[in-house]
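This report treats selected features of one protein structure. Please consult the sequence and the model shown here.

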Amino acid sequence: MTLIGQDPKEKIIERFARHVSSGKAKFFAQVGIDFVFGRREGVYVWDSGGTRLINCHCNGGVFNLGQRNPRVVAALKRALEELDIGNHHLISEHRALLAQRLARLSPGDLNRVVFGVGGGEAIDTAIKLARGHTGRPGVVSGIGGYHGHTGFALTAGDPKYSAPFAPLPPAFSQVTFGDLDALEEAVDSDTAAVIFETIPATLGIVVPPEDYFAGVRELCDRNGAVMIVDEVQTGLGRCGAVWGIDTYGVVPDILVTAKGLSGGIYPITATVYDDRLNPFFEENPFIHVSTFGGAEVGCYAALEVLDILEEEGFLEHVRDIAAVFAAGFDELKSKHPDILVETRQRGLMMGLKMANDFCGPLMTLAGFRHGILTIYANNDTSVSQILPPLIIEESQAREVLEALDTMLGEIGQALESV
Ligand SMILES: Cc1ncc(COP(=O)(O)O)c(C=O)c1O
């Protein structure tokens, strides 16, 4: 028996609207998207009606290793033979093994880990640790950034998502990402933490100046603030190095990883922190717990994800494919100068900045017609995010570029006709 497509598409949509989200169903109906996630394998996802798309969304990195990566699936099956969630209060062999591996892969003295289930939770943990460690309240984040929809993470993000839930935790402020002068103004002796995505995805894949993070590090050091990097999207090979922040040669105090650590198979996240911050948790070992955080079966599967990441040639492949995209983007820019105003890229963290705010949504719609799953950046809808699986082959990357060419052409025509 097959699990996918047991009911006709209309029935699935109707049931989803009735019991999951009437608002989402209405939105998709209004914009003319009736894609129901069906079969999935490698870089491809299929609609239950049979339409095949190359996944250039990847849920922001969840599918770095493709859909249903056979090695991660096999690892989870092996884990299920002997393990389960485990007990989050007790000493755990498998949580310790994964933490040790994450420590080895992380820069500097980042050698301790708190596990979680979701990215927002892992960001909340980072901010808790920064406040606990410093005894200060202030948290400075980037305007238009995104760190999740949980408490502290939500407050550090865009007010359009947090305002309805006021009153929010106090002492949060925001600065323009990439502007060191603005950060210098904002950080003082009350600042517990400065938190940025290494490359803010929801803001439109904004690649900061090369010396930005060195400046952030220096300002944090000068003011005794904790530097947190959100590597939920940029980590685990996406930027052509293990961590996006590695490409800037800077060591943060706390690094948060999530999405891709799951291998797209079992949710697990990690807040990796510097040994120097450990006294707070050592004195308060039960102050933060998460029942499912670092579930043992998930730890085992995540170790397989890290094995793949560490294999010889894996990061080189990411960089090679990134070069294919970079050359392709140059061609697209010269072919569509009125629409494609800027391309943004670090490894396979890529964005196409277009002429106006309608272009991102139009590209998403065009993608459904031309075999590409891509979404626009929510806090700058002129940008299409292009995040293919890291295992994408060169021929598939060229297929993506050809489709993008067609999609940009269509959008050019649509804009000319209005
Ligand atoms: C950069 C970043 N941080 C944090 C999160 C939150 O992760 P989660 O949805 O798992 O809570 C996301 C999710 O999209 C993200 O993109």
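## Basis of the model

The model is predicted: local features need pLDDT of at least 70, side-chain atom pairs count only at pLDDT 80 or more, and totals for chains, interfaces and linings use all residues. Residues are numbered from 1 along each chain as its sequence is written, and side-chain values use heavy atoms, with hydrogens and water left out.

## Ile4

Ile4 is located in the segment before α1 (9-19); helices (H or I, at least four residues) and strands (E, at least two) are DSSP runs, numbered from the N terminus. Its relative accessibility is 37%, so Ile4 counts as partly exposed (buried means under 20% relative accessible area, exposed over 50%, partly exposed in between; 1.4 Å probe, protein chains only).

## Helix α9

Helix α9 (residues 212-223) has 12 residues, which at 1.5 Å a residue should span 16 Å; the end C-alpha atoms are 17 Å apart, which agrees. The expected span is 1.5 Å times one less than the number of residues.

Among the buried residues of α9 are Tyr212, Phe213, Arg217 and Cys220. Their cover includes α8 (180-186), β7 (191-197) and β8 (226-230). After α9 comes Gly224, with a positive phi near 70°.

## Asp124

Asp124 belongs to helix α5 (residues 119-134) and is buried, with a relative accessible area of 14%. Neighbours within four places in sequence aside, Asp124 is in contact (heavy atoms within 4.5 Å) with Thr150, Gly151, Phe152 and Ala153. Arg344 is 220 residues from Asp124 along the chain, and their C-alpha atoms are separated by 29 Å.
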